[in-house]
Amino acid sequence: MATATAVTAARPAPASAPAEAAIACRNVAVRFVTERRTVTALEDVSFEIAAGSFLSLLGPSGCGKSTLLRVVADLVQPTEGRVTVLGGSAEAARRDHALGFVFQDAALLPWRTAIQNVTLPLEVGGRSALPAGSPTPTELLAMVGLAGWENAYPHELSGGMRQRVSIARALLGGPKVLLMDEPFGALDEITRDHLNEELLRIWQETRTTILFVTHSIYEATFLGESVLVLAANPGRVREMVAIDLPRDRSLAIRETEPFMRIAARLRRLLGD
Amino acid sequence: MADTALMPGGQGVEAAEAAFRAAQRRRVLRRRLLPASGILAMLVLWGLLVWVLNVPPFVAPSPLAVAATLYSKFGMLMANLWPTALEAILGFLLGNFAAIVIATVFVHKKSAEEAFFPVVVLINTIPVVAKAPILVLLLGNGMEPKIAIAALICFFPTLVNMVRGLEAVNPQAMELMRVLSASRREVFFKLRLPTALPYLFSALKIAASTAVIGAIVGEWIGSTVGIGALIIQATYNFDSALLYATVIVGSSFSVAFFLVITGLERLVVRWQAPVVA
């Protein structure tokens, strides 16, 4: 069994205190029955992530990393195993509006302006008011660098801007867990670098727990406090790698020797 | 309009921009003038053919005779357009409303779709000219069968498009709604219905002209007023000028109806470039 714990430099999560974990997966397996055969998307996946930490999920395509994210979001029911989110079930966390989800394509509603897209979570699911003290939609748009674009429609925004709107939407109401499914995968490298830096800043401002799926080694290393490396066929945990780089990172860190060493190690893990 | 032109060398920016704007004005003017001249050329050709071949007036009228009839019998033509227009519009509203409601049921109850969609297809295979007498027998000789025919003819395209539109939801937006714990009702009104609107409008634009066809075909069978009745009367009386004038009035109404729906679409569906039907 491959158990791994996200150990962070600032706040180590002792293995003996599972109550502190924001997300805990125990022996999770997901299987899909198809006409020809039964496909195992995930097999015996166990990991924990401490509240307020940033975990990258890295793996080749078909390793089930998106499926794993959907299990945590209560979008996919695991065939086996148990998922605990914020001390309860994934469903309870979802119903509590404790989860934010950012999709690969921004999934904005094209008939709504940027600000109307950000306020969508207030109009559905029985949540009508923001928790006291949490940032307003306008403040969130400013936080993702879109002040002044409130009334623009999605087709008037660039791909990077659309993804910023969807991040602002996911942050509405101050979710305790932010799940991100290759959010910058479809963007050009320059925009992507920029958004990576912004995401680190937003994470430090909001202190939310982030689970970030990517197939980019550099993105996983640059963003994560630790990286959960998955292997494919069937999807399973390869290794949990702690990233012992300072939290305050700028893009220049990618040219330093420790960064390269970690990246090289992740590449070897993916290649094995 | 995103016109672009390569800026030629040996010329100032201002001169190039002025030349570009002049060319753009010429293009706009041409877009208006060419269709008009095409229609005019067709009318002239028609008049010449009637004159040169010495076509008798009971076979085909000259454009001038049609224009004279349009002018002298304008009141009578409008009096006959009124019932046809009313039947077409009422049928349009009824048929499309039913289609939207049934599409909503189909999307939420798959078993209903599987059971009744074949029935709908079967009814749709009956040609309009065959539906008309059946409905006249059922509903009598008044306006009702004409409205029913117009409604039936609108129903099918709207039903098919609306079902497709309601199901054309972005799967990630659907997952988003689930993460937000949205109810089925919220998913329908916040996501499915707006997604379906562009599909609905392309069906409504088709329905706008077919509803008029339905009303006219309905009037061919047992009716004394309306564009359809007038077409039959004019044909039996060999009054070709009146026949042509009636046809022009009928299609003008169809075009106007279509343009109204197109305008409505531009008002409602603002988030995507208008799709050419």
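Over all chains, the structure holds 23 salt bridges, a salt bridge being a side-chain nitrogen of Lys or Arg within 4 Å of a carboxyl oxygen of Asp or Glu. The model is predicted, so local features need pLDDT of at least 70 and side-chain atom pairs count only at pLDDT 80 or more, whereas totals for chains, interfaces and linings use all residues. Residues are numbered from 1 along each chain as its sequence is written, chains are lettered from A in the order in which they are written, and side-chain values use heavy atoms, with hydrogens and water left out.

One of these salt bridges joins A:Lys65 and A:Glu182, with 3.9 Å from N to O. Because A:Lys65 lies in helix α1 (residues 65-72) of chain A and A:Glu182 in the loop between β6 (177-181) and α6 (189-206), the pair ties together parts that are 117 residues apart in sequence. Helices (H or I, at least four residues) and strands (E, at least two) are DSSP runs, numbered from the N terminus. A:Lys65 counts as buried at 5% relative accessibility, and A:Glu182 also counts as buried, at 11%; buried means under 20% relative accessible area, exposed over 50% and partly exposed in between (1.4 Å probe, protein chains only).

A:Asp74 takes part in a salt bridge with A:Arg94, where the closest N and O atoms are 2.8 Å apart. Here the link runs between distant parts of the chain, from the loop between α1 and β4 (80-85) to helix α2 (residues 90-95), 20 residues apart. A:Asp74 is buried at 4% relative accessibility, and A:Arg94 is buried at 4%. A:Asp74 also forms a salt bridge with B:Arg178, the closest N and O atoms being 3.7 Å apart. Elsewhere in chain A, a network of salt bridges links A:Arg164, A:Glu198, A:Arg201 and A:Glu205.

Turning to the interface, three salt bridges are found between chain B and chain A. In one between B:Lys190 and A:Glu123, the closest N and O atoms are 2.8 Å apart; this pair crosses from helix α8 of chain B to helix α3 (residues 114-123) of chain A. B:Lys190 is partly exposed at 24% relative accessibility, as is A:Glu123 at 32%. The contact (heavy atoms within 4.5 Å) takes 18 residues from chain B and 26 residues from chain A. About 2100 Å² is buried between the two chains, with carbon and sulfur atoms giving 61%; buried area is the accessible area (1.4 Å probe) that two parts lose on being put together, summed over both.

Strand β8 (residues 226-231) of chain A is largely enclosed by the rest of the structure, because six of its six residues are buried. Both of its faces are covered, with A:Ser226, A:Leu228 and A:Leu230 on one side and A:Val227, A:Val229 and A:Ala231 on the other. Strand β3 (residues 54-58) of chain A runs parallel to β8(A) and is joined to it by four bridges; two strands pair if DSSP finds at least two bridges between them. A:Val229 in β8(A) is the bridge partner of A:Leu58. With strand β9 (residues 236-242) of chain A, β8(A) pairs in the antiparallel sense over six bridges, and A:Val237 in β9(A) is the bridge partner of A:Leu230. The hairpin of β8(A) and β9(A) has four residues between the strands, and A:Asn233 takes a positive phi near 55 degrees there.
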